[in-house]
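Reader: I would like a close look at one part of this model. Please take a single helix and follow its surroundings.

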Amino acid sequence: MQPFSYAKVTSQEVAIATIEEDKNAAFIAGGTDLLGLMKDGVQLANTLIDINSLPLADIELKSNGIRIGAISRMSDVAFHPQVKECYPVISQALLQSASPQLRNMATVAGNLLQRVRCGYFRDPVFPCNKRIPGIGCAAITGHNRMHAIFGGSKDCIAVHPSDLAVALTALDAIICIQSAEKTRRISIHGFYLLPDETPEKETLLEPGELIVAIEIPDFAYKSHYLKVRDRASYEFALVSVAIALEIEENIIKSARIAFGGVAPKPWRGWEVEEFLKGKAINPTTFATAAELAIKEAKPQTHNEFKIELVKRVLIRALSVVAEKL
């Protein structure tokens with residue numbers, strides 16, 4: 001384990017000022033991902049800035065939606081009465097993440113910022129453009145069963161690991177960010193970046209910035225999160241889907257759909273959503289939507305099975321929501 005210093009802060013201003021003074025510092029709250037990366041020699045940090053004392057753990061129901069503090073624990077959000085009632089897709093996604101012990105420790109912002117679970121990224125023995133840009137991507141010619149079928153590039157095909165991010169993408173969430181100079185509110189759709197020519201840059205978060213909250217707009221949709229994985233607990237998604245449907249008299253008025261486990265960022269099904277508008281709820285509609293969902297898929301050597309899995313997961317999730325009407 002590399003040596004590092006530790007600083008506990010009690011205000012956002014001090015936290016941001018501290019990290020601006022040391023560009024090799026990192027914020028820590030739960031630390032469930034960061035400490036593992038440091039132990040593996042993948043991420044370096046001279047100073048860990050403990051932000052657990054900051055007033056960023058509130059979960060507030062507002063007239064226009066809900067605001068979740070950045071250091072709210074995953075388990076607290078998952079079991080919050082208003083989240084379970086109004087945004088079941090969030091609760092379901094969180095409860096299918098990690099293990100109970102990790103959910104009790106990990107924060108929502110930390111979950112959204114966790115690094116990819118690609119084995120080649122997390123083992124410094126292998127070349128990885130996320131660790132050292134320009135060195136190559138071992139996954140492209142290696143074992144890539146868990147990797148992307150959408151949105152990858154010649155430099156990276158790792159998939160985004162967060163279940164919560166998929167649910168929030170389907171809900172058009174806003175990421176609230178604070179720096180010394182300004183406050184930014186960024187749509188989650190733009191917050192995450194595709195690898196393209198810069199796979200080492202995964203989000204729009206800049207040095208010296210701190211996520212302070214996530215805002216989710218109010219809506220009256222029926223929502224559901226479905227995750228398929230190799231085992232029933234503590235496993236990352238092979239394919240997952242978050243859906244939110246506005247339904248009236250058996251007709252889908254509007255839809256929001258996002259996939260996980262298939263792309264370097266939560267993958268929004270924009271074309272599928274457009275198709276579903278005004279369509280009747282029936283097996284034919286769902287089957288056609290599933291075919292549209294995989295139209296742009298580009299599988300790797302070992303993950304072509306994900307194409308069929310995307311179709312089946314979407315049909316099943318749509319059917320679950322329809323059955324709840």
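Author: This is a predicted model. Take helix α9, residues 163–170. Eight of its eight residues are buried, so the helix is largely enclosed by the rest of the structure. The run goes from Asp-163 and Leu-164 through Ala-165, Val-166, Ala-167, Leu-168 and Thr-169 to Ala-170.

Now the two ends. Ser-162 caps the N-terminal end of α9. A side-chain oxygen of Ser-162 lies 3.3 Å from the backbone nitrogen of Leu-164. Just after the helix, Asp-172 takes a positive phi of about 55°.

Next, the packing. The largest nonpolar core has 40 residues. Ile-90, Leu-168 and Ile-216 have the most contacts inside it. Helix α9 gives the most to this core, with six residues. Leu-168 touches Ile-90, Leu-112 and Ala-173, as well as Ile-188, Ile-214 and Ile-216; residues up to four places away in sequence are not counted here.

Phe-150 forms a stacked aromatic pair with Trp-267, 5.4 Å centre to centre, with 10° between the planes. Phe-150 is buried, at 3% relative accessible area. Trp-267 counts as partly exposed, at 23%.

Methods
Residues numbered from 1 in each chain as written. Predicted model: local features only at pLDDT ≥ 70, side-chain atom pairs only at ≥ 80, totals over all residues. Heavy atoms only, no water. Buried < 20%, exposed > 50% of the residue type's maximum accessible area, 1.4 Å probe, protein only. Helix = DSSP H or I, 4+ residues; strand = E, 2+ residues; numbered from the N terminus. Polar contact = N/O pair within 3.5 Å; in protein donor to acceptor, adjacent residues only side chain to side chain. Core = buried A, V, L, I, M, F, W, Y, C linked by side-chain atoms within 4.5 Å. Contact = heavy atoms within 4.5 Å. Phe/Tyr/Trp six-rings, centres within 6.5 Å; stacked < 30°, edge-to-face > 60°.
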